[in-house]
Amino acid sequence: MDQARSTISKIFNGEPHSYTRFNLTQNMEGDNSQVEMKLSSDIDEEVGGNGVGEHLNHNSNRKPYVVNKIGRTPKNLCFMVAATLLIFIIGYLIGFLVHRKKDVAPNCASSTLPPEMYVAPETGAAPLMDWDDVKKLLKERVSAAKLESVFSEFSSSDHRAGSSGDEVLGAKVLNKFHGYGMKTWTDEHFVKIQEAHSSDVNSISFKNGTAERADGFLSYSATGKKTGAVLFAHYGQENDFKWLKSNSVNMNGRVVLVRSGRISLAEKVANAAKMNASAVLIYPDPTAYSMAESTPLFGHVHMGSGDPYTPGFPSFNHTQFPPVESSGLPKILAQTISASMANTILKQLGGQSGPEEWGSIFKLGGESDIVTLEVNNVLTEKKIVNVFGVIKGFVDADRYVVIGAQRDAWGPGFATATVGTSVLVELARSISNMVEHAQFRPRRSIVFASWSAGEYGSVGATEWLEGYLSSLSMKAFAYINLDGVVTGKDGFKVAASPLMHSLIQSSMKEVNLPNTGTSLFSKFARSNWESEVLEPMRVNNAAYPFLAFSGIPSVSFRFNSDTSIYPYSGTLLDTRNKLNTATSNQASGLAEVATRFAGHMVLRLVHDHLLRFDLTKYDKIIRTNVAQINSKVFAVKRMQPGMLPKTLTVQWLISASGSYSRAARGLLTEIDNSNLDDIEMCRVINDRIMAVERNFLSPYVSPKESPFRHILLGSGPHTLKALSSHLEALKVDHPDADADLFRNQFALATWTLQGCANSLAGDIWSLDNEI
């Protein structure tokens, strides 16, 4: 044994004036390669030299790697056997390592972690499970029959935010999460919401007639009484008001009457306020809403999200801030009226006719068509409770995807809240079961959230974001919204961050419709999937504050009807029977598909070593915006000489756009050349990917004044879209145009974009951008 140790030691460590060399020659006639070994001691004996130096300087005519036949002494045989065995072992290990890297993700277990944080692969530190097996496990655990039973458990006729019914449902969700073995917690907020007065009802009277009670209401409307001439404005969109203005229709002090739909209720009121209207009446058009004409409509008109009386900060109890209001609160009255009340008014309107595309046989209204509106809503403080459960990851437990659904509703709210809550609970059960019984090991954590006060403008979710913004922006890498995932059966729409488009596409291809082999992609993406499936994410989408306020990549999706309108949303008629009618009794089957689609996205994000986000998607969006701004700057200089200084150049913005493009491509190249078996490297790369959305938030505006700070998808004067609009105003020398303000916003937007590129590029010492 001692002799064996000595021999191995000589082979690997060597001794002074001794070495071993190998000659690997390929037999040109097809024989196996030969291995020749020569020891320095043997060579020295042959050439009569005194050491290595003399041997290396031997006659150059002699072939240096041709050796004489080794004598078959016991010593030589021992070396030959040891060397052959060593080569065999090395070859076997190489072959084993090559073949085991089939399509299974590497376990990413490296020694770069400190010993106390290292978890061996056999304990499930990394996903050892093939992705196809993960999909199969989820499919086995989700079914329409199970969702039907959950629907029954979470259906409720009264669960308005802050009510006892809301608390009961919250407790049910909490108990479910706890029963699945998840760590659970709750988050309480004391928020101000506006509701109809219990005795002083809201009312409307037309042409000095008897005041009629308006049963519905719009939370956060201004209160009081206003009298003015009615003006019909179609859907209250910007283009509708532009048409009225271009046709010299007086809008000052008018009571604007508009249909619901197409844009949010808050946007309709905000657009009317810009035209100096005194009030807004909103009604459900009978041609689009198949329900009784007396049905009341409910909603809110805060042009934002969260508690508008604590903008930018959380509504925790005993908050010591002075009274303050969100800039998104309307200053004019707003009220919903029934279709029958609206029809009575429309039939008596005079004035000029509207455009044919409005499809109305009624007049727009004259100065004598007077209406009086009284709004007596009251502001009350409510305690709301958000409920959470978490499945912790096995590698990066402090990085997590959040998946959530609102729990409250104006009435039964079956499509609005019950279906989403049921999908949330079923996903929590299914994935928990996969971890406990099927040895699935998510790399990152999954947070399940049940929100309250969603009907008032994603109040519960936004207050949570405001309360933990600094932590969430660093650790939450995605949000998946489950609100209203089933409202029809003929269409499928998705609104999401561009970073998630590739993930959405692959998930659509992997999820099939019930009882068919047809995938979501094949069914709803017939030619161009982006134009057929994707839609903009609007301010009334519950995922919007995650994206535009917190900088967290977010996605929201839904099955819808061809008309894209679920007629019972925002009413007391949103029941299980109504949804079954709208879906031809396929509600539970479509909810199953929605559960698997959301589950595929969640599991993919916690299964893979690297986050499946496509960094190049924003490149096209940035370049399009920059090109528009560039052309408009030249147009302003040509049409309004002197409005902008000659020294103003778009070159910095173009350079920032190029910096982002190079940084995105550079990171992709770096990923291709990286060792993904290294846990720390995976984490560093993922953190750089996570920072992209967050770095599009302008650091130069206040979350209180402009909460949606995203320069590409947000709203406010800091966005690239606003810069383009400002240039349009400068081009025609509009009174509201301000060249100095434009230059300031232009410079700040440019540097925000450059900062995002710098962060994506890597460490500060690796940057090569010239400032």
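Start with strand 8, residues 255-259, which is mostly covered: five of its five residues are buried. Buried means under 20% relative accessible area, exposed means over 50%, and partly exposed lies in between, with a 1.4 Å probe and protein chains only. Helices (H or I, at least four residues) and strands (E, at least two) are DSSP runs, numbered from the N terminus.

This is a predicted model: local features need pLDDT of at least 70, side-chain atom pairs count only at pLDDT 80 or more, and totals for chains, interfaces and linings use all residues. Residues are numbered from 1 along each chain as its sequence is written, and side-chain values use heavy atoms, with hydrogens and water left out.

Which way do the side chains of strand 8 point? V255, L257 and R259 point one way. V256 and V258 point the other way. All are buried, R259 included.

Now look to the partners. Two strands pair if DSSP finds at least two bridges between them. Strand 7 (residues 224-232) runs parallel to strand 8, joined by three bridges. Here F232 stands opposite L257. Strand 9 (residues 279-283) also pairs with strand 8 in the parallel sense, over five bridges. There V258 faces I282 as its opposite.

S205 is buried, because its relative accessible area is 12%. Leaving aside residues up to four places away in sequence, S205 touches T210, A211, I370, V371 and T372. Contact means heavy atoms within 4.5 Å.
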